[in-house]
Amino acid sequence: MKTLIVGAGALGGLIAARLVAAGGPVWLAVRTPEAAAALRTTGLQATGVGGAVRVAAPPAAPVDAYGPADGFELIVLATKAREALDVAPRLARLLAPGGALLPIQNGGVSPLLADRLGDDVVLGGLSNLGATLLAPGAVEQRNAGHLLVGAPGGGPSARAGRVRDWLGPAVEVRVTEDLPGAVWSKLLLNCSVTTIGAVAGRTMREYLDAPGGRALFERAYDEALAVALASGARPARMLVDPLPPGWRGRCAPGPAHEAWLAEVLAAYGDLRPSMLQDLERGRPTEIDVINGHVVEVGRRLGVPTPANAAIVDAVRALERGEGAPDPALLAGVLARAVT
């Protein structure tokens with residue numbers, strides 16, 4: 001299966017290194033000719049969970065160097081969300097008949113691209129792989145995670161099975177018939193654990209103790225869950241049941257809810273938010289396809305999302321350099337959500 005991997009960062013580099021090591025025909029799309037030349041010098045290496053591999057870099061070039069005649073059967077889109085949305089229409093023209101464009105970003109990227117380009121082009125995906133870029137071409141795999149693939153709208157997908165079989169020798173791939181449920185499950189956590197942690201500059205376990213922290217978490221989570229259910233999706237269980245006990249439009253206080261929150265903390269409470277790293281490095285965040293996606297879908301469905309909208313505003317202000325992440329910001333964000 002002739003494969004183009006777009007992006008040679010942590011995830012793209014990991015998948016590329018392991019797929020080349022498994023003998024697959026792989027090409028890379030990178031940002032600049034200079035980046036391509038650097039990879040030809042360094043090669044690709046992956047370490048950590050899954051074992052160590054070192055291989056010569058596959059052919060690499062900027063996206064614009066590829067054309068329809070290349071006829072890729074699979075294009076794995078491993079960039080940040082904003083870049084993915086921008087470049088996807090050009091990538092679709094590089095596919096062979098019956099080929100698949102596989103985005104693996106957080107948030108609503110898969111459904112957004114499926115709406116724009118069609119389910120016959122886009123195969124939905126999510127990544128639970130943890131990887132860190134140590135240096136150009138060098139990646140450390142941090143967990144025994146997997147890619148989750150399936151039809152963007154749900155249901156069986158023969159293409160998903162073929163992609164699983166093809167990528168399986170490189171990384172674990174699982175097929176789901178409920179990709180919308182999986183997308184929303186991850187969104188629920190991204191909207192509350194990740195983005196609030198980015199605003200606070202803290203892990204979830206730390207920010208819950210800040211003034212307004214817990215109330216903001218519960219409001220953002222409740223809104224996102226209400227939007228998910230209104231859309232017709234049923235968020236799928238991942239490490240934690242996405243439906244808090246006794247939930248009827250909002251969290252129900254009591255021992256059962258405290259036990260559920262303890263499960264969330266055990267699974268995600270000590271993770272440093274990836275969005276915080278983007279803010280610290282002065283990079284654009286993925287807020288538009290996380291809380292911003294919830295706000296947009298909620299608007300279309302008539303579901304109010306003031307907490308998520310306030311989080312979007314707070315992250316955008318931080319992107320503009322208006323202050324720095326701080327737990328003291330959460331009380332103000334919560335105040336804007338309830339006025």
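**Reading the model, feature by feature**

Guide: G48 lies in strand β3, which covers residues 44–48. Helices (H or I, at least four residues) and strands (E, at least two) are DSSP runs, numbered from the N terminus. This is a predicted model, in which local features need pLDDT of at least 70 and side-chain atom pairs count only at pLDDT 80 or more, while totals for chains, interfaces and linings use all residues. Residues are numbered from 1 along each chain as its sequence is written, and side-chain values use heavy atoms, with hydrogens and water left out.

Visitor: At 40% relative accessibility, how does G48 count?

Guide: Buried means under 20% relative accessible area, exposed over 50%, and partly exposed in between, with a 1.4 Å probe and protein chains only. At 40%, G48 therefore counts as partly exposed.

Visitor: Which residues does G48 touch, apart from those up to four places away in sequence?

Guide: Contact means heavy atoms within 4.5 Å. By that rule G48 touches E140 and Q141. The C-alpha atoms of G48 and R142 are separated by 6.2 Å, although the two residues are 94 apart along the chain.

Visitor: Which strand is joined to β9, and how do the two run?

Guide: Strands of a sheet pair through backbone hydrogen bonds, either parallel or antiparallel. Two strands are said to pair if DSSP finds at least two bridges between them. Here four bridges join β9 (residues 131–135) to β10 (residues 138–141), and these strands run antiparallel. The bridge partner of A131 is Q141 in β10. With two residues between them, β9 and β10 form a hairpin, and G137 in the turn has a positive phi of about 85°.

Visitor: What is the order of the strands in the open sheet of three?

Guide: The order is β8-β11-β12, with mixed pairing. β8 (124–127) and β12 (173–175) stand at the edges, and each has a single partner strand, so one side of each is left without a neighbour in the sheet. Neighbouring strands of this sheet are turned by 25° against each other on average, direction ignored. Such angles rest on axes, which are lines fitted to C-alpha atoms, for helices over the stretch in contact; angles run from 0 to 180 degrees between N-to-C directions. β8 pairs with β11 (residues 147–150) in the antiparallel sense over four bridges, and G125 has V149 in β11 as its bridge partner. Helix α5 (residues 158–167) packs on the sheet, touching β11 and β12, and its direction makes about 165° with that of β12.

Visitor: How many cavities of 30 Å³ or more does the structure hold?

Guide: Rolling a probe the size of a water molecule over the atoms shows where empty space is left. On a 1 Å grid over the protein atoms alone, a cavity is a set of points where a 1.4 Å probe fits but cannot get out, and a pocket is an open set with protein on both sides within 12 Å along at least five of seven lines; lining residues have an atom within 4 Å of a point. Grid points are joined across faces, edges and corners, and a volume is the space filled by probe spheres set on the points. The structure holds two cavities of 30 Å³ or more. About 80 Å³ of space lies in the largest cavity. Its lining has 13 residues, and S185, L189, Y221, V240 and P242 lie nearest the centre.

Visitor: What lines the second largest cavity?

Guide: The second largest cavity, with about 50 Å³ of space, is lined by K80, N106, T194, S274, M275, D278, E286 and I290. Helix α10 (residues 274–280) gives the most to this lining, with three residues. T194 is found in helix α6 and, at 13% relative accessibility, counts as buried. Residues up to four places away in sequence aside, T194 touches L189, P273, S274 and M275.

Visitor: What is the volume of the second largest pocket?

Guide: The second largest pocket has a volume of about 320 Å³. Of its 16 lining residues, P111, L112, D115, W184 and H293 are the closest to the centre. The largest share of the lining, five residues, comes from α4.
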